[in-house]
Amino acid sequence: MIRKRIMIANKLGMHARPATLVVKAATKYRSEFKILKDDMEINGKSIMGVMTLAAEFGSELELVADGVDEEYLIKEMEELFASKFGEE
Amino acid sequence: MKKISVKEFFQTKKKDFSLSLITRPTTLDKDITSEYLNRPGLAFSGYLERFSYQRIQVLGETEISYLQSLKDEELYNIIKEVFVYDIPCLIITKGLSIPSQMEFLANEMNIAILSSRIPTEKLYQHLRKYLSDYFAPSKTIHGTLVDVYGVGILLTGKSGIGKSECALDLVERGQRLVTDDAVKITVIDEMLMGTSTNDYGHFMEVRGVGLIDAAKMFGIQAVRRNKRMDVQIELMPWKDNMDYERLGLSDNFAEILGVRIPIIYLPVSPGKNVSVIIEVVALNYILKRYGYDAAYEYTQKLQEDLKKKSSMRNSEIEK
């Protein structure tokens with residue numbers, strides 16, 4: 001299991017489009033994927049779950065991947081978050 | 001190109017357009033190839049350039065009274081000149097009687113003259129509707145058409161994916177079957193109309209059972225003859241890596257005969273209740289038509305929330 005803290009770097013926060021990107025990236029992997037924010041813990045492969053976080057610009061998430069390809073999943077997430085989902 | 005013989009037109013539409021044949025039956029063997037009609041007033045007055053002779057020629061009171069006003073010789077000559085063209089047929093409206101020379105020449109020159117009891121404008125309208133439907137582009141595709149809450153849903157997908165079973169389930173739930181397996185699609189007023197390829201009734205094949213008659217089995221309320229197609233749903237086997245629509249913010253479209261309709265790629269897997277999803281698709285389509293888009297509403301709310309939280313965070317930092 002890998003845990004990774006990550007910050008929302010795009011101005012608009014985790015709105016529908018980035019949430020879709022996260023879910024689409026995550027579903028490629030076989031590992032379990034959870035995202036934690038404050039007292040919430042959601043399934044990172046569920047679009048409603050990810051949007052429920054309402055993670056705004058500057059807020060911090062904890063990504064938890066567990067499974068055979070967990071490293072690759074986390075690596076792709078890091079890249080995705082670092083790219084600010086192609087936004088500002 | 002599509003065509004219909006004057007004979008077939010006369011025999012099938014005799015009642016609808018209250019037609020009778022003035023000329024000999026042998027004049028009926030030409031083909032109608034155009035969906036348009038022509039009023040040959042100018043042609044009969046001698047202007048034969050740009051004469052749309054290939055269309056059905058409709059003669060009303062104006063044309064007939066003009067012809068009757070001509071002298072015998074004049075009349076003979078002009079009719080002969082017009083009848084040289086390869087006209088499919090003439091239709092005289094309102095049951096008007098025609099000059100005897102006209103009938104004579106039509107028989108001689110093998111052009112059918114039909115008489116209708118309907119007034120010109122009304123006949124014109126009905127005839128145009130009939131012809132444009134008849135000549136409308138059409139094709140037959142492999143699929144099943146159901147009416148779900150009034151929304152025409154075209155189910156497509158490979159053989160054996162479960163289109164018929166799905167249609168059966170929908171019928172059980174009170175929806176209506178239009179046709180199973182082969183759908184004849186016609187473009188009418190920029191819309192896709194779907195119907196059965198034959199008029200045998202609402203038969204369908206259920207794997208392992210054989211043929212059933214849906215109308216007999218579920219009652220007449222479970223079927224309908226034709227329906228406008230609003231949404232296409234392509235059933236496909238579930239694949240783990242397939243990019244399925246998650247939010248429904250963007251619509252995909254399928255193009256059939258040049259008309260675009262929304263298409264939804266629906267993964268099916270054992271134990272999944274596809275009928276319920278299809279009903280949801282139909283209801284969501286209706287909501288969108290009424291101006292309510294759930295995906296848009298939700299994401300709008302989320303964006304406002306994010307903005308609010310973001311500005312709160314900023315003001316905290318400034319403090």
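A residue is classed as buried if 20 or more other C-beta atoms lie within 10 Å of its own, as exposed if 12 or fewer do, and as partly exposed in between, with C-beta atoms placed from the backbone. By this criterion, buried residues make up 35% of the 88 residues in chain A. The model is predicted: local features need pLDDT of at least 70, side-chain atom pairs count only at pLDDT 80 or more, and totals for chains, interfaces and linings use all residues. Residues are numbered from 1 along each chain as its sequence is written, while chains are lettered from A and ligands numbered from 1 in the order in which they are written.

Chain A has 3 helices and 4 strands. Helices (H or I, at least four residues) and strands (E, at least two) are DSSP runs, numbered from the N terminus. The elements follow the order β-α-β-β-α-β-α from the N terminus on. Chain A has a radius of gyration of 11 Å, close to the 12 Å that the globule rule gives for 88 residues, so it is as compact as a globular protein of that length. The radius is taken over C-alpha atoms, and the globule rule is 2.2 Å times the number of residues to the power 0.38. Along the principal axes, the C-alpha atoms of chain A fill a box of roughly 35 × 25 × 20 Å. Two residues are in contact if their C-beta atoms, placed from the backbone, lie within 7 Å. Of the contacts in chain A with a separation of 6 or more, 71% come from residues 24 or more positions apart.

Strand pairing in chain A involves E2 (residues 32-37) and E4 (residues 60-66), which are antiparallel over 5 bridges. Two strands count as paired if DSSP finds at least two bridges between them. Glu32(A) has Asp66(A) as its bridge partner in E4(A). E2(A) is also joined by 4 bridges to strand E3 (residues 40-43) of chain A, again antiparallel. There, Ile35(A) is partnered by Ile42(A). The E2(A)-E3(A) hairpin has 2 residues between the strands, and Asp38(A) takes a positive phi near 50 degrees. Asp39(A) lies in the loop between E2 and E3 of chain A. Asp39(A) is exposed, with 5 other C-beta atoms within 10 Å.

Chain B has 10 helices and 19 strands. Its radius of gyration is 29 Å, whereas a compact globule of 319 residues would have one near 20 Å. The C-alpha atoms of chain B fill a box of roughly 105 × 65 × 30 Å along the principal axes. Buried residues account for 28% of the 319 residues in chain B. Residues 24 or more positions apart supply 69% of the chain B contacts with a separation of 6 or more.

An open sheet of 6 strands in chain B has the order E11-E9-E10-E17-E19-E18, with mixed pairing. Strands E11 (176-179) and E18 (252-256) of chain B are at the edges, each with a single partner strand, so one side of each is left without a neighbour in the sheet. From one strand to the next, the twist averages 35 degrees. Axes are lines fitted to C-alpha atoms, for helices over the stretch in contact, and angles run from 0 to 180 degrees between N-to-C directions. Strands E10 (residues 151-156) and E17 (residues 231-237) of chain B pair in the parallel sense over 4 bridges. Ile153(B) stands opposite Val231(B) in E17(B). Helix H7 (residues 163-172) of chain B lies across E9 (144-148), E10, E11 and E17 of chain B, at about 20 degrees to E9(B).

A nonpolar core is a set of buried Ala, Val, Leu, Ile, Met, Phe, Trp, Tyr and Cys residues joined through C-beta atoms within 7 Å. The largest such core has 33 residues, and those touching the most other members include Ile153(B), Ile233(B) and Ile278(B). Beyond residues up to four places away in sequence, Ile278(B) touches Val148(B), Ile153(B), Cys166(B), Leu170(B) and Ile233(B). A second, separate core of 27 residues includes Leu59(B), Val82(B), Ala106(B) and Leu123(B).

The contact between the chains takes 14 residues from chain A and 13 residues from chain B. On the chain A side, helices H1 (16-26) and H2 (47-52) each supply at least two residues. H1(A) gives the most, with 4 residues.
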